[in-house]
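Hi,

Here is the structure I promised to pass on to you. Have a look at it first, and then read on for what turned up in it.

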Amino acid sequence: MILRALAALATATVFALAACGTADPADDPAPGSATPQPSPSDDDGGGGAGTPLGPAREIATGLDTPWGLAFLSGGDALVAERDSGRILRVPADGGQPQQVYEVPGVAAGGEGGLLGLAARGDWVYAYFTAATDNRIVRFQVGSGNQPEVVFDGIAKAGFHNGGRIAFGPDNLLYVGTGDAGETGRSQDPASPNGKILRLTPEGDPAPGNPSAGSPVYSLGHRNVQGLAWDDDDRLFATEFGQNDLDEINLIEPGQNYGWPEVEGEGDTDGGRFTNPLVTWPTSEASPSGLAIAGDTLYVAALRGERLWTVPIEGDDLGEPAAVLTNEYGRLRTAAVAPDGSLWLTTSNTDGRGDPRDGDDRILRFTTQPGDAPAR
């Protein structure tokens with residue numbers, strides 16, 4: 001049903017396609033595969049100007065490639081293990097995680113597997129790589145029921161699977177997808193790949209999307225793995241670059257973010273493309289998770305092995321500052337808990353990192369001034 005709607009839309013809208021890139025497709029190669037370029041804003045400690053973070057506390061250890069993270073109403077968290085397909089419940093105050101579900105049909109490989117999680121009411125939503133595609137299912141923990149497929153047909157590959165899902169302030173489901181290694185998909189309105197999608201909780205194209213009957217909210221993305229809203233309900237997204245520049249974008253409905261014709265900031269082709277607000281050299285970031293607390297964006301960096309903090313300054317973003325550099329290794333997911341604290345997951349057991357005793361782990365940081373409940 002979804003693919004037929006996309007195909008019908010394609011006959012009315014045509015976008016230019018571009019040739020595939022020639023670089024190594026891995027978005028976040030193992031540290032040491034390229035020579036990092038030091039950033040003048042790097043701060044190896046846990047603080048710094050514009051960096052409202054308290055000390056770290058370990059919430060959970062011994063996890064196997066944690067990826068998705070979603071909070072329940074009582075404050076406990078659900079965490080997805082990419083390769084095992086397990087979903088674990090982590091107490092709000094820390095403690096031994098307990099398996100509460102195993103998603104059937106997960107076909108882990110490369111960057112694919114059990115990826116993003118989102119929670120809404122009694123339903124848990126999961127984005128995962130199956131035998132033939134990437135798809136989204138929902139289920140109720142403890143019900144014993146099989147998961148219900150709400151959206152499928154997202155092309156899969158060993159890389160660029162996207163995978164982040166989140167409910168927005170409008171109670172609709174937003175989905176970050178990747179181009180699955182074929183760059184032309186990002187400009188193709190008939191493909192759900194290389195897009196941010198906006199769906200109803202049942203998986204239908206959301207009312208009010210830029211094109212009626214289409215799930216596409218924005219296009220021209222390479223690989224989106226971070227989604228978060230600020231206090232003004234503005235949506236920001238992180239995106240992996242190919243050779244040069246990773247990005248933070250302000251996402252607006254119907255806008256085209258340029259991939260594969262533009263990487264980072266470049267020619268907008270007379271306003272056809274939208275430039276990012278922030279870019280980094282790929283060696284310093286590979287930005288996956290994104291969270292917003294107060295007036296600060298927190299970006300978890302895989303290859304960069306640091307947490308980027310970016311102040312929100314009115315209609316723009318300020319100068320990024322790097323913290324936790326090389327302290328915990330690869331950082332995958334950032335999320336704000338119901339009590340306002342910031343949770344981070346490491347990703348050192350994913351085949352590209354250097355595991356340490358206790359990896360992978362979840363870390364909790366207070367945000368200042370004071371923790372405040374999330375919306």
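Before the strands come up, one convention: two strands count as paired if DSSP finds at least two bridges between them. With that in mind, take A56, whose bridge partner in β25 is F365. This contact belongs to the pairing of strand β1 (residues 53–60) with β25, where the two strands run antiparallel and five bridges join them.

Please keep in mind that this is a predicted model. The mean pLDDT of the protein chain is 89, and 85% of its residues reach 70 or more. Residues 1–24 are another matter, with pLDDT below 50, although this stretch still has 46 contacts in the model beyond near neighbours in sequence. Residues 32–50 also stay under 50 in pLDDT, and there the model has 34 contacts beyond four places in sequence. Where pLDDT is low, the predicted coordinates should not be read in detail.

Back to β25. As for burial, β25 (residues 362–367) is mostly covered, with five of its six residues buried.

Four strands form an open sheet in the order β2-β3-β4-β5, and their pairing is antiparallel. The edges are taken by β2 (66–71) and β5 (98–102); each has a single partner strand, so one side of each is left without a neighbour in the sheet. From one strand to the next, the twist averages 30°. In this sheet, strand β3 (residues 77–81) and strand β4 (residues 86–90) pair over four bridges, running antiparallel.

Finally, a single residue in a loop. N193 sits between β11 (173–176) and β12 (195–199). Is N193 buried or exposed? Buried means under 20% relative accessible area, and N193 is at 2%, so it counts as buried. What does N193 touch, leaving out residues up to four places away in sequence? The residues it touches are I154, A155, T177, G178, D179, A180, R185 and S186.

Do write back once you have had a look.

Best wishes

Conventions. Residues numbered from 1 in each chain as written. Predicted model: local features only at pLDDT ≥ 70, side-chain atom pairs only at ≥ 80, totals over all residues. Heavy atoms only, no water. Buried < 20%, exposed > 50% of the residue type's maximum accessible area, 1.4 Å probe, protein only. Contact = heavy atoms within 4.5 Å. Axes fitted to C-alpha atoms, helices over the stretch in contact; angles between N-to-C directions. pLDDT = per-residue confidence, 0-100.
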